[in-house]
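Have a look at the structure first.

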Amino acid sequence: MLFFPLALAAQTTSGVMSPVLTRAYDNSRTGANTHETVLTQATVSQKGLRKYFSLFMEGDARGAEAQPLILPKVKTVDGNVRDVVILCSMNNTVHAYDANSSDELWMVKLGIPVNGSAAIDMHTINDHWGILSTGVIDPDTQILYVVAWISPDGTQQKAAHSLFSLHVGDGTFANPPVPLADATYTTPSGSVQRYSSTMRKQRSSLALATVNGRKTVFFASGTVLETTNGAAGWIFAYDVATNKIGASMAMSAGYGAGVWMGGSGLCVDADGYLYGATGNGSFDAKNDWGETIFKAKYDYGAKSLAVVDWWTPYSDSGRVGKDPTKSFSEQPQATPKIAGISAPSEEAKQGDTAETEVARPVNSMAERDLTQARVVGKLTYLKPRNINAGAYSDEDLGSAGISLISEYGIVLAAGKDGIAYFVNQHNMGKTVPTDFANAAANYAKLVQPPYWYTYYPGPVDAAPQDSSTLDFLFQGKTRHMHSTSVQYMSPMHGKMVFCWGENSNLRAWAMASNGKLTYMAQSAEIASANSTNSPGGMPGGFMSLSSNNNQAGTSILWALIPYGDANSQVTQGRLIAYDPDNFVTYNDGTKGMRILWDSQKWNIQFVYNKFNVPVVSGGKIFVPTYDGKVDVYGPS
């Protein structure tokens, strides 16, 4: 363990810091901090923002993939009581800073990270692979829980994941590390899955909840190669009292179903049920849960995790034009794909596998009502010449984090298609493969029909019988969603949700109690605006919201977007503060998002951090960057 001398205090505007203990602020993943008293619409628009200081991480050029976490009023190693911000680096270092002064309080190295390579990420953006997911803090015990990927020699062949628990005050270990390598799971069909059988990407964030009186940390994992045998996603339940894994579960018999969710975490409801979404993989509603929105139950006494309810929109077999009722594992396997890479997008970049078509009818669908949408030019979309080539099975329903809208009993999910699905939290529908023969009946199990969400209104039916008709790129660009929808109870518009897809605009929606969405407004700003060639850039916009208990004039929607393609290159980023209540009117009469502050206007430079979010607390905005640091802003 290493300790550092204190830095000189910075001149900042400070309010009462509110805790930020988990990704997206809470276990419903609302993305909203409703206890912010300093930053208001008037403050930001009139006074502006300036950068107070940066919090640095050593040993990795990119720094942190994990979201910053904040625990106020901690007695730290120097004897003072401080508001502590925790940063976890891909170099497997955990840093503790004073959130107000930028003093570095302590730093702990958990182990040697895995060296970055094309075997893990074909674009080699990261120097290392260590702490990838966002940890979670228990405010009662002031203990941080985090998962690290450690290798004794830096090679992927010897790498293994372990869960660590650290005291926030001084960085000392609260318990010995708990390895995950020994985890096994026997599927209902009798196949035995082993967590250590292949490389895993543990990107999905951690959640802490008390279930049947026991504090439990829940988290999930995917793999590096998504479609090879053994590439099952996993869910874990760690029992805090015993410092042991209480239960673990493989999400397939070895053919995908990874849990990624753009770095977001599992949702946990008041009764302790878990909610998540899986990506590519087999689906049979018994052993395999690929492309599924699921509800799981943890039973500590039985040492078990089990999927108890679920809904699935399509099979990967159907997405490549084959029998939709067949499991992916029954079909010829596609070329193994590295997780985090969009196969259709990479294919489109080659320029020889797709054809451009202009707004032709598909599925004999009636023309969509465009009166509420801002549409420029003719709608075009890019269709693959050969969907049977395999790449178009890369649909990743679980590419984005889900939102639990518990007051309406809805689980909101959207993935690479950019379609929003409204699943009944209490009766999901239990899709089985034969349901895909009658897609309309399967879609009828939803609370509302699917909506084109990231690129409204969409030129084709969002709920088709033949799911391969969804295999296209809008106007030659991907509109994938990787971020989690932000929830907001507006004093002007009622319940709202916000999304931001790739190569697209921020979109604001009003949600009725029955889940029905009404399109409200969109931003003029576009994610990856400099990626002008097809298929554009990743990953869209990542957002959070701050307010003082949703009072009028206090709510601000914070967004981070890239200028270029943040998937294949290191690119500059942009921080924008929007007014979520009061819209502007465009020349065509449609509504737009009003900007309160924009880093572009002030020529502020930083490198965009893929899959990370702005964090707001106590009048400060913590912006993770790929410069190996977190920049901290506040009122000028």
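Leaving aside neighbours within four places in sequence, Ile 293 is in contact (heavy atoms within 4.5 Å) with Gly 276, Ala 277, Asp 309, Trp 310, Trp 311, Leu 397, Val 411, Ala 413, Tyr 421, Val 423 and Met 428. Bear in mind that this is a predicted model: local features need pLDDT of at least 70, side-chain atom pairs count only at pLDDT 80 or more, and totals for chains, interfaces and linings use all residues. Residues are numbered from 1 along each chain as its sequence is written, and side-chain values use heavy atoms, with hydrogens and water left out.

**Cores**
- A nonpolar core is a set of buried Ala, Val, Leu, Ile, Met, Phe, Trp, Tyr and Cys residues joined through side-chain atoms within 4.5 Å; buried means under 20% relative accessible area, with a 1.4 Å probe and protein chains only.
- In the largest nonpolar core, with 71 residues, Val 217 and Ile 293 touch the most other members.
- Strand S17 (residues 234-239) gives this core its largest share, five residues; strands are DSSP runs of E, at least two residues, numbered from the N terminus.
- Another core, of 38 residues, lies apart from it and includes Tyr 97, Ala 99, Trp 597 and Phe 622.

**Sheet**
- Four strands make an open sheet in the order S15-S16-S17-S18, with antiparallel pairing (to pair, two strands need at least two DSSP bridges between them).
- S15 (207-211) and S18 (244-250) stand at the edges with a single partner strand each, so one side of each has no neighbour in the sheet.
- Five bridges join S15 to S16 (residues 214-221), and Val 211 has Arg 214 in S16 as its bridge partner.

**Cysteines**
- Cys 267 counts as buried at 0% relative accessibility, and Cys 499 counts as buried at 1%.
- The disulfide count is zero, taking a disulfide as a pair of cysteine sulfur atoms within 2.5 Å.

Notes: Buried means under 20% relative accessible area, exposed over 50%, partly exposed in between (1.4 Å probe, protein chains only).
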